[in-house]
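Here are a few quick notes from my read-through, in numbered points. Have the model open while you go through them.

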Amino acid sequence: VFQGRILARRLVGQETRYEVEVKTPYRHRFPLVPREYVWVPNTCGCPPLREGGEYLLMARRHVNYERTLNRILLQDDGYARPWTPREDRLVREAARHC
């Protein structure tokens, strides 16, 4: 779970790649660098992320069977909400309990 700002969007094959500036990592099981690519396995714009917008994203690390592909994947049912101070407070409160 992290707060990020969308810098760019690009369609690559049947997927969408977002370049994201990681603002605040809240809870992560893998290290995040200041800029990451977040992949969405469709080109329909779901979830709707606009360039320049800040979001609270809950994504997972995807590593394929051959271990040749290692990326951050935001699935169709993943959590992607516009970032607000309220979202920040809710995530910080939940982190204390989890």
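1. Keep in mind that this is a predicted model. I'd begin with the strands: β4 and β7 (residues 79-82) pair in the antiparallel sense, with 4 bridges between them. Within that pairing, Y55 sits opposite P82 of β7.

2. β4 (residues 54-58) also has β1 (residues 2-12) as a partner; these two run antiparallel as well and are joined by 4 bridges. If you want a spot to check on screen, find Q3, whose bridge partner in β4 is L56.

3. Now for Y26, which belongs to the loop between β2 (15-25) and β3 (35-40). Its relative accessibility is 17%, and because buried means under 20%, Y26 counts as buried.

4. What does Y26 touch, once residues up to four places away in sequence are set aside? The list is V1, F2, Q3, L56, W83, D88, V91 and R92. Two of those names, Q3 and L56, are the bridge partners from point 2.

5. As for V38, 12 residues from Y26 along the chain, the two C-alpha atoms are 16 Å apart.

6. Last, the largest pocket, which holds about 300 Å³ of space. Its lining is made up of 16 residues, with V1, F30, M58, A59 and R60 lying nearest the centre. By type, the lining splits into 9 nonpolar, 3 polar and 4 charged residues. V1, by the way, is also on the Y26 contact list.

How values were computed: Residues are numbered from 1 along each chain as its sequence is written. This is a predicted model: local features need pLDDT of at least 70, side-chain atom pairs count only at pLDDT 80 or more; totals for chains, interfaces and linings use all residues. Side-chain values use heavy atoms; hydrogens and water are left out. Buried means under 20% relative accessible area, exposed over 50%, partly exposed in between (1.4 Å probe, protein chains only). Contact means heavy atoms within 4.5 Å. Two strands pair if DSSP finds at least two bridges between them. On a 1 Å grid over the protein atoms alone, a cavity is a set of points where a 1.4 Å probe fits but cannot get out, and a pocket is an open set with protein on both sides within 12 Å along at least five of seven lines; lining residues have an atom within 4 Å of a point. Grid points are joined across faces, edges and corners, and a volume is the space filled by probe spheres set on the points. Ala, Val, Leu, Ile, Met, Phe, Trp, Tyr, Cys and Pro count as nonpolar, Asp, Glu, Lys and Arg as charged, and the others, Gly among them, as polar.
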